[in-house]
Amino acid sequence: MADNGDDDHQYRIKEGDYVVLKRGDIYKAVQILPRKKMIFEKQWMFLDSAVGQLYNSTFEILSGGNLQPKEDKDTRNPTDTKVTGTDNRNIVDDGKSQKLTRDDIETLKEQGLKGQEIIQQLIENSSTFSNKTGYAQDKYIKKKKKKYENTVTILKPTCRILAMMYHGREPGKICYLRYDALAQMLTLANIHAGSKILVFDTCAGLVLGAIMERMGGYGSVIQMYPGGGPVRAGVESFGFPAHYHDTLHDFPICHVNALLAGNLDTAVKDPVVEEKQFNTAEEEEQNRPGAEPQDGSLEEQSMETNCGDDAGQQQEKMDKEKRKEAKAQEKKVKLEEKRRKLAAAASLLEGRNADGLVIASRFHPCPVLLGLLKFLSPSRPFVVYSQYKEPLIECFTKLKEQGGTVNLRLTDTWLRHYQVLPNRTHPLLLMSGGGGYILSGTTVMDRSRPAGSPQAEEPAPKRQKLKDTEG
């Protein structure tokens, strides 16, 4: 029984967990915090009452923002489905078929009626509902549910759910990367537990989080980042355990050439020296003539006041020095931690034995790809994603000229959703125009040989001398 409880515990919502709220096709990633007001689709709620419930549960939003688990009930009785029309040719949408007005609906809401009860009232007061076909009735009920039911579903964050959330809400942040293209990238890069993967990701950390989820906390992931620091907003939404982050390392992309040349300096400047230089400059500024004219005028007015001011200034100066020392010590600790992480990532890269490379960036991928390929072992996959095909065509051409790679493929992802219902299965009218382009390939042993160089290490095949035989 204890084992069953432990297994069930990991599927239940806990305080502090990162979850995804879902209503229809709308998603939002939030963290469950006590008495924190959440706003989702113009409705505010508190997620405290969801703690202890199972994931994928649907809740009703009550008055006051509290959540209550929803009980599955049919919107209308089975007998209502029998009264249907043959077609919709005689139905005229003149706005007079519904007897309930907007004020009546608001009154029903004030009386405490739930979404399903309001929908039932709309059906009973509609003069054309019984004349509609069964398909049209189902479509009408689905439309009213979306409008009047105050429900929300709480999901556990996964790679697919977060990819759909970003693509639906802010596709520009992830370079319009669709979840089917992300799945192909993980497959082509052969992401698995225990491997060492290089990642260059400017898609809000979504690709990085997907790789960490696939590896399951085993192996090592090295994030190559531009700018001052790595961006991991998407990684936080996954809500990984602490041991997942132990496998994550980061390395600035601007230091790659220095690491390849062997002259990377992981030392940092001493903050104490910088603080002394700052103090010297500040003292010189204070000692300038005419810097404190008001203090001199106050000294001429009263000696007793000056004595008190001097004591207060000394105390203030001591407190200021203490704050500076604490700030310098804190800065020194941060720089030492940054130097330690840089040295650890550099030691992983120096072996040049990475098992895979994944690039998904808004920058031009060609110089990044050519630089990071040198850290891969032979016969290892690499994948490059771009929203446009022209940068990948240039990468394809450069790799063909340089050599050292095989099985190069440039593909375009295509996706279309289907509606699957009885007697109504067909493709949806609207679909995504494009999911980006993917360049994939495999490294081989001769990647360091320049293009066009003769194969001097391989001897030319000798011609076998044939003996003439006379019979």
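Colleague: Which lysines gather in a patch of positive charge on the surface?
Modeller: Lys 109, Lys 139, Lys 143 and Lys 147 do. Keep in mind that this is a predicted model.

Colleague: Which helix gives the most to that positive patch?
Modeller: Helix α4, residues 134-148, with three residues. Lys 143 lies in that helix.

Colleague: Why does Lys 143 count as exposed?
Modeller: Because its relative accessibility is 60%, and exposed means over 50%.

Colleague: New topic. Where does His 255 lie?
Modeller: In the loop between β10 (248-252) and α10 (256-261).

Colleague: And why is His 255 counted as partly exposed?
Modeller: Its relative accessibility is 29%, so His 255 gets that label. The class sits between under 20% for buried and over 50% for exposed.

Colleague: What is His 255 in contact with, leaving aside its neighbours within four places in sequence?
Modeller: Leu 264 and Leu 342.

Colleague: How many residues apart in sequence are His 255 and Met 224?
Modeller: They are 31 residues apart. In space, the C-alpha to C-alpha distance is 9.8 Å.

Colleague: Now over to α6. Which of its residues are buried?
Modeller: Tyr 179, Asp 180, Ala 181, Leu 182, Met 185 and Leu 186. The helix covers residues 179-188.

Colleague: What do the buried residues of α6 pack against?
Modeller: Two helices, α5 (159-169) and α7 (206-215). Also the strands β11 (356-360), β12 (381-386) and β16 (437-443).

Colleague: Last one. Which residue with a positive phi follows α6?
Modeller: Asn 190, with phi near 55°.

Conventions
Residues numbered from 1 in each chain as written. Predicted model: local features only at pLDDT ≥ 70, side-chain atom pairs only at ≥ 80, totals over all residues. Heavy atoms only, no water. Patch = residues over 30% accessible without salt bridge, like charges linked within 9 Å, V, L, I, M, F, W, Y side chains within 5 Å. Areas by Shrake-Rupley, 256 points an atom, 1.4 Å probe, with all protein chains shown as cover. Salt bridge = Lys/Arg side-chain N within 4 Å of Asp/Glu carboxyl O. Lys, Arg positive; Asp, Glu negative; His and termini not counted. Charge placed at Lys NZ, Arg CZ, Asp CG, Glu CD. Helix = DSSP H or I, 4+ residues; strand = E, 2+ residues; numbered from the N terminus. Buried < 20%, exposed > 50% of the residue type's maximum accessible area, 1.4 Å probe, protein only. Contact = heavy atoms within 4.5 Å.
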